[in-house]
Amino acid sequence: MSNQQNQKQQPATASDGITPRAQDYGQWYLDIVKRADLADHSSVRGCMVIKPHGYAIWEKLQRELDDRFKATGHVNAYFPLFIPLSFLAKEEEHAAGFAKECAVVTHYRLKAVDGKIGVDPASELEEPLVVRPTSETIIWAQYKSWIQSYRDLPLLINQWANVVRWEMRTRLFLRTAEFLWQEGHTAHATEAEAREEVSRMLAVYADVAENVMAVPVVRGRKTEGERFAGAIDTQCIEGMMQDGKALQMGTSHYLGQNFAKSADVKFLNKEGQLEYVHATSWGVSTRLVGALIMTHSDDNGLVLPPKLAPIQVVIVPIYKTPDEQARTTAEVQAAATELRAQGLAVKVDDREGLQPGAKYYEWERKGVPVRIEVGPKDLEKGSLCVVRRFVLEKDGESEQDLRKRKKQFLPRAEAIAGMTALMETMQKDLLARAFAMREKKTRIIDTLEDFEAFFKGEGGGFAWVHWAGTHEDEDAMAKRYETSIRCIPFEDQIPEAARGPGKCILTGKPSAQRVLMAKAY
RNA sequence: CGGGGCGUGGCUCAGCCUGGUAGAGCGCGAGCUUUGGGAGCUCGAUGUCGCGGGUUCAAAUCCCGCCGCCCCGACCA
């Protein structure tokens, strides 16, 4: 597509092979995924291969999440990939919600016929097995035998797993037929306790989004139409991508007693009475890697928050003679050792046969936050050349000035001692930048005219609007403007100027508070 | 499911209209010279041209059928 023009030209900038965002945002995203070596399309429709660099980011995210799950009292377990069809069918609403995207296993054997291997028709399963699109039903079937008394509650379990949803259209990380995620499934004695769990885990997600991923999020609950199939309440965090579209980054559901009833999970309470258990479930997926890319990256490649960068500092030796090579390499190793002692993830790039410039571009593309160059002059001066992947842009700043600000020659000791602080600064800067970007594309809107103008002319973003429409009205808005209610935000999530009651933007009916409208991924 | 595109060395693609037995750039390997923002030269290796059938003396190329993937839309985390 648009990157074909670059094909046979000499690379002019670091962005070679990456379509600029302004030209084609969707293509830019794909280019980043490929050029930063995060993932590949596989030969299976809709399924991706997560490459080591992409997987390393996921592993760091996993660690951050898992630590928080443990800290809030959860333990990990693992349940089967296959769900008997009858299990899924038990919770009607749930089944209906996922029916259209289920992969189904119907046979268990292959057979060679005329030299060709194929499905053995004689091996048909008595009951088809659904490849889990989510695990509520199989897990609750098990909970039935685990829960008898209030003493067994709360049951706080998380599972790290892959799930399959046969989506009609897929996009690397954002929506793949198979994806990796975590799903928490908890059982509680009371509604209040379960609802508290829902809020607790949403807070964990928001914490990871903002303080680890550096992606500011709006917290709220879904409208009836957008709720998880089978849930009574779905809470979510919504991030804004650089094109102004919203991305749902995590959900936490109060499932009421629906699943307990369909799986017949009762417990004896303190008063000696049988009661159905209250359930929650909550999850985030590899989609978060997509959110990371679309929030922070630029036309030169991936930009990663230091907390999630598999490599935080890359050090490149520069030399001409074998003597210089020996000396700079020794210094590079020494610096690496000292930085690692601070707990930093450091990579020494002493590959031969690649010029330093080639290495710079590669690591920029891959989003390494800081690069250190060590040449003969640095050895003489006892300095290190510290180059940041990004700095906060100033208005009207030239490309050269920006580049100059990224690069600093620092006394060796200062550079090394200050590295952890620099990581923290960059982590904060990234969040601040993402926040500013979101603010810039956020409007308080009171009329349909302004609404339409915002989503057409200005390219859209987050719109705070009053809403008192029906489910049908929501659909009408979606058809007309391609927007949806991303969430009904919690009171403290609404900008102060936008709080309080008003009139529905569509129907004019009284509205208690504003909702968040946006186009969404 | 509808619309579009693509399938040829590892990658991106040219060649196809007008059939004559496969090319370029990048990458890869060796050697020499290079190295503070993508190195240069020399030599070298690498192909069931998506699959099946047909037409023909001859098919990457023409015809028929099939398959797969990607992109755009309707559905979704």
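Modeller: The structure holds 34 salt bridges, a salt bridge being a side-chain nitrogen of Lys or Arg within 4 Å of a carboxyl oxygen of Asp or Glu. Side chains of opposite charge can pair when their charged atoms come close. This is a predicted model, in which local features need pLDDT of at least 70 and side-chain atom pairs count only at pLDDT 80 or more, while totals for chains, interfaces and linings use all residues. Residues are numbered from 1 along each chain as its sequence is written, chains are lettered from A and ligands numbered from 1 in the order in which they are written, and side-chain values use heavy atoms, with hydrogens and water left out.

One of these bridges joins arginine 486 to glutamate 238, at 3.3 Å from N to O. Arginine 486 is in strand E24 (residues 484-489) and glutamate 238 in strand E12 (residues 233-240), so this pair ties together parts that are 248 residues apart in sequence. Helices (H or I, at least four residues) and strands (E, at least two) are DSSP runs, numbered from the N terminus. Both arginine 486 and glutamate 238 are buried. Buried means under 20% relative accessible area, exposed over 50%, and partly exposed in between (1.4 Å probe, protein chains only).

A salt bridge also forms between the side chains of glutamate 331 and arginine 412, with 2.7 Å from N to O. Glutamate 331 belongs to helix H9 (residues 322-340) and arginine 412 to helix H13 (residues 412-417), so distant parts of the chain, 81 residues apart, are linked here. Glutamate 331 has a relative accessible area of 13% and is therefore buried.

In another pair, aspartate 446 meets arginine 514, and the closest N and O atoms are 3.0 Å apart. The two are 68 residues apart: aspartate 446 sits in the loop between strand E22 (442-444) and helix H15 (448-456), and arginine 514 in strand E27 (residues 514-518). Aspartate 446 is partly exposed because its relative accessible area is 49%, whereas arginine 514, at 7%, is buried.

Beyond these pairs, a network of salt bridges links Asp37, Lys51, Asp349, Arg351, Lys359, Glu362 and Lys366.

Now for the rest of the chain. Chain A is divided into domain 1 (2-35), domain 2 (41-296), domain 3 (308-437) and domain 4 (442-518); the bounds come from an automatic or database domain assignment. The centres of domain 3 and domain 4, taken over C-alpha atoms, are 44 Å apart.

The largest nonpolar core has 47 residues, of which Phe173, Met213, Met249 and Ile293 touch the most other members. A nonpolar core is a set of buried Ala, Val, Leu, Ile, Met, Phe, Trp, Tyr and Cys residues joined through side-chain atoms within 4.5 Å. At least two residues of this core come from each of helix H1 (25-35), helix H2 (52-71), helix H6 (191-211), strand E13 (246-256), strand E16 (278-285) and helix H8 (287-296). H6 gives the most, with seven residues. Domain 1 (2-35) and domain 2 (41-296) both give residues to this core, so the core lies between them.

Some residues can be followed one by one. Not counting residues up to four places away in sequence, isoleucine 293 touches Trp28, Tyr29, Ile32, Val33, Leu38, Phe173, Gln242 and Leu302, where contact means heavy atoms within 4.5 Å. A second, separate core of 26 residues includes Ile157, Phe228, Ala229 and Leu255.

Phenylalanine 173 is placed in the loop between E9 and strand E10 (178-188). Phenylalanine 173 counts as buried because its relative accessibility is 2%. Its phi is near 70 degrees, a positive value in a residue other than glycine. Alanine 214, in the loop between H6 and strand E11 (217-221), also has a positive phi, near 60 degrees. With a relative accessible area of 0%, alanine 214 is buried.

Alanine 291 is in helix H8 and, at 0% relative accessibility, counts as buried. Leaving aside neighbours within four places in sequence, alanine 291 is in contact with Leu174, Met213, Met241, Leu247 and Met249.

One backbone detail remains: the peptide bond from leucine 153 to proline 154 is cis, with omega near -5 degrees. Proline 154 is found in the loop between helix H5 (136-146) and strand E9 (155-164).
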